[in-house]
Amino acid sequence: MPADTVAAVVRQWENARPDLDTRPMEVIGRVNRCAALLQQAEDAPLRRAGLTRPEFDVLGTLRRTGHELTPSDIARETFSSGAAVTKRLKQLTERGLVERRGDTRDRRVAHVRLTDAGQDLVDSVLPDQLAYETGVLSGIDRARQRELAGLLGELLGQLEGRLRPPRA
């Protein structure tokens with residue numbers, strides 16, 4: 001078993017409750033710990049560009065899809081609440097990175113698109129962000145990274161199938 005903080009926790013539980021199978025903690029605990037540490041790092045290139053990860057996720061979603069989306073679409077794509085997306089869109093609109101326009105048929109619906117400045121920002125930050133993420137993973141060789149990505153993909157697929165409503 002690797003020597004990390006989760007390994008110590010698992011050993012403690014094995015001593016305190018030897019009757020329990022603590023193997024799930026080895027995976028879930030490490031995934032959660034990795035996520036927490038990555039969030040603490042706050043993605044240096046994004047921070048330098050004045051963006052949070054959730055803001056970049058909104059901009060990136062609009063850039064990679066290549067077309068206007070509704071706030072509901074963005075919430076679904078970024079796994080965010082409607083309220084969180086509304087707040088992010090307000091901030092990004094004020095910064096001139098996205099534009100909103102009303103639907104001609106339904107005034108309750110808005111359509112959001114990247115401005116040229118928003119597209120330029122995503123295009124300039126993404127290579128630096130990917131280089132940063134490559135550095136984070138540099139201690140793991142490429143074959144093991146592919147293996148890890150595949151295993152995490154399996155877990156994510158199971159969780160999405162179990163916990164997430166089907167897409168409309």
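Which helix does R30 lie in? R30 lies in helix 2.

## About the model

This is a predicted model, where local features need pLDDT of at least 70 and side-chain atom pairs count only at pLDDT 80 or more, while totals for chains, interfaces and linings use all residues. Residues are numbered from 1 along each chain as its sequence is written, and side-chain values use heavy atoms, with hydrogens and water left out.

Helices (H or I, at least four residues) and strands (E, at least two) are DSSP runs, numbered from the N terminus.

(Buried means under 20% relative accessible area, exposed over 50%, and partly exposed in between, with a 1.4 Å probe and protein chains only.) The R30 side chain makes a polar contact of 2.7 Å with the side chain of D4, and a polar atom of the R30 side chain lies 3.0 Å from the backbone oxygen of E26. A polar contact here is a pair of N or O atoms within 3.5 Å; within protein, one must be able to donate a hydrogen and the other to accept it, and residues adjacent in sequence count only if both atoms are side-chain atoms.

R17 sits in the loop between helix 1 (5-16) and helix 2 (23-41). R17 is partly exposed, at 37% relative accessible area, and its side chain has a polar contact of 2.7 Å with the side chain of D19. From R17 to V122 it's 105 residues in sequence and 49 Å in space, C-alpha to C-alpha.

## Helix 5 and what covers it

Helix 5 (residues 71-78) has P71, I74, A75 and T78 as its buried residues. Looking down the axis of helix 5, these fall within an arc of 100°, so they line one face of the helix; the arc is that of the directions from the helix axis to the C-beta atoms. The cover over those buried residues includes helix 4 (53-65), helix 6 (82-94), strand 1 (98-102) and strand 2 (110-114).

Most residues other than glycine have a negative phi. F79 isn't a glycine, yet has a positive phi of about 55°. At 57% relative accessibility, F79 counts as exposed.

## Helix 4 and its two partners

Helix 4 and helix 5 pack at about 105°, with their axes 10 Å apart. Axes are lines fitted to C-alpha atoms, for helices over the stretch in contact, and angles run from 0 to 180 degrees between N-to-C directions. Helix 4 and helix 5 are therefore roughly perpendicular (65 to 115 degrees). On the helix 4 side the contact (heavy atoms within 4.5 Å) uses D57, V58, T61, L62 and R64, and on the helix 5 side I74, E77 and T78. The residues of this contact split into three nonpolar, two polar and three charged. Ala, Val, Leu, Ile, Met, Phe, Trp, Tyr, Cys and Pro count as nonpolar, Asp, Glu, Lys and Arg as charged, and the others, Gly among them, as polar.

How do helix 4 and helix 6 compare? Their packing angle is about 80°, with the axes 10 Å apart, and helix 4 and helix 6 are therefore roughly perpendicular to each other. P54, E55, V58 and L59 of helix 4 meet R88, L89, Q91 and L92 of helix 6, giving five nonpolar, one polar and two charged residues in the contact.

## E55

E55, found in helix 4, is buried, with a relative accessible area of 8%. Leaving aside neighbours within four places in sequence, E55 is in contact with G50, R88, Q91, L92 and R95.

Technical notes:
Parallel < 35°, antiparallel > 145°, perpendicular 65-115°, else oblique.
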